[in-house]
Amino acid sequence: MHSKNHNQSVRPKPAIETKLGQLFQMDCIPLMKSLEEGCVDLVFADPPFNLKKEYGPSSNDDKSEQEYLDWSHRWLTEAVRILKPGGSLFLYNIPKWNLQLGAWLSQYLTFRHWVAVDMKFSLPISGRLYPSHYSLLYFSKGKKPTRFSPPRVPIETCRHCGGEIPDYGGYKDRMNPEGVNITDVWRDLSPVRHFRYKRRKANELSIKMMDRVLDIASKEGDLVFDPFGGSGTTYITAELKGRKWIGSEIEDCMPIIERFKAIEGERAIWLSLRKKVNRLFSDEAMKLRQRNGKDNSKYRINGNGHNPLEKPLVLSAREKS
Ligand SMILES: C[S@@+](CC[C@H](N)C(=O)[O-])C[C@H]1O[C@@H](n2cnc3c(N)ncnc32)[C@H](O)[C@@H]1O
């Protein structure tokens, strides 16, 4: 185990144990209680949203508002306790709950960001504005997080022609070749919807989102804790990125176990995502730009960095047509 034992006796045998992590099929609260104070570098939590979703026989996603908040305070109290000073906590939820849970968390942790995660395919609600984002709260324990290494992202481009969506005007030659600063609005995370990729009833998050969160707030060898396993996106991404991890899932853990068996497929997805991190343009965008005669010549660099645009791209005959 990655920490000194607190009250290890409550833990069952792990449902899965890998080189870097352990998943327990159990309620997250006793699992956290069994961990020592200050042993975790990063907590990421995507709890049930109390929207009457059927996760299985052991969970109840139809609590009264007060019950949901009380339960959230109970598990968050433990999450705060096991977090190291300087560690970070991310809480993914709908704005209605994160508004209240964020205010409550501010008593114990330092607020850093409310990240709006754009959600494209939600249903309109009569008498309300069209809900179009999830909230990802980001807190640190103590004034400053020990880790903070946000990745840079490519310029947002038109998916038809590769043209830049923001107008960088006369600043193109001063832009960092590693990409632009990441903002607190994440528009580039498509929900995992396709049957082939979606593994269970849990709302599976994308590897891209977890890759980003782990980049921001952890480094190799750190210990990541996610109390709500679902389909195991956090654990898979942690394993691929060389982070240690611990997790719990109160329902069936088979979808996570199966996913680990097929981790090489996940690695391929992750590696292709990594080609879009810390670059000014993704390969796809570059091909589109070349095909549509977009001018790349202004994108220069001031420092010593590598300019991906200096490498000429060779288009295949099919891509040229
Ligand atoms: C929204 S899903 C998490 C999805 C996950 N982030 C992913 O990407 O696949 C929430 C999960 O928490 C589990 N869960 C609910 N109550 C729990 C509890 N008390 N302890 C542990 N897991 C719980 C549910 O069964 C469900 O799989």
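Before you click, a strand here is a DSSP run of E with at least two residues, and a helice is a run of H or I with at least four, numbered from the N terminus. Two strands pair if DSSP finds at least two bridges between them. The model is predicted, so local features need pLDDT of at least 70 and side-chain atom pairs need 80 or more, while totals for chains, interfaces and linings use all residues. Residues count from 1 along each chain as its sequence is written, and side-chain values use heavy atoms, without hydrogens and water.

Start by selecting V117: W186 in strand 7 stands opposite. Strand 5 and strand 7 pair in the parallel sense, over two bridges. Click H113 to find its bridge partner Y138, then V115, whose partner is L136.

What is the order of its nine strands? The sheet is open, with mixed pairing, and reads 1-2-9-8-3-4-6-5-7. Strand 1 (16-17) and strand 7 (185-186) sit at the edges with a single partner strand each, so one side of each has no neighbour in the sheet. Next, select helix 5 (residues 233-240), which packs on the sheet and touches strands 2, 3, 8 and 9 (contact means heavy atoms within 4.5 Å).

Last stop: the ligand. Show the 23 residues around it, the closest being D46, L205, S231, T233 and E249 (near means a heavy atom within 4 Å). Look for polar contacts, pairs of N or O atoms within 3.5 Å. A polar side-chain atom of D46 lies 2.7 Å from a ligand nitrogen, and one of D27 lies 3.3 Å from a ligand nitrogen. At C28, a polar backbone atom is 3.0 Å from a nitrogen of the ligand.

How values were computed. A polar contact is a pair of N or O atoms within 3.5 Å; within protein, one must be able to donate a hydrogen and the other to accept it, and residues adjacent in sequence count only if both atoms are side-chain atoms. Axes are lines fitted to C-alpha atoms, for helices over the stretch in contact, and angles run from 0 to 180 degrees between N-to-C directions.
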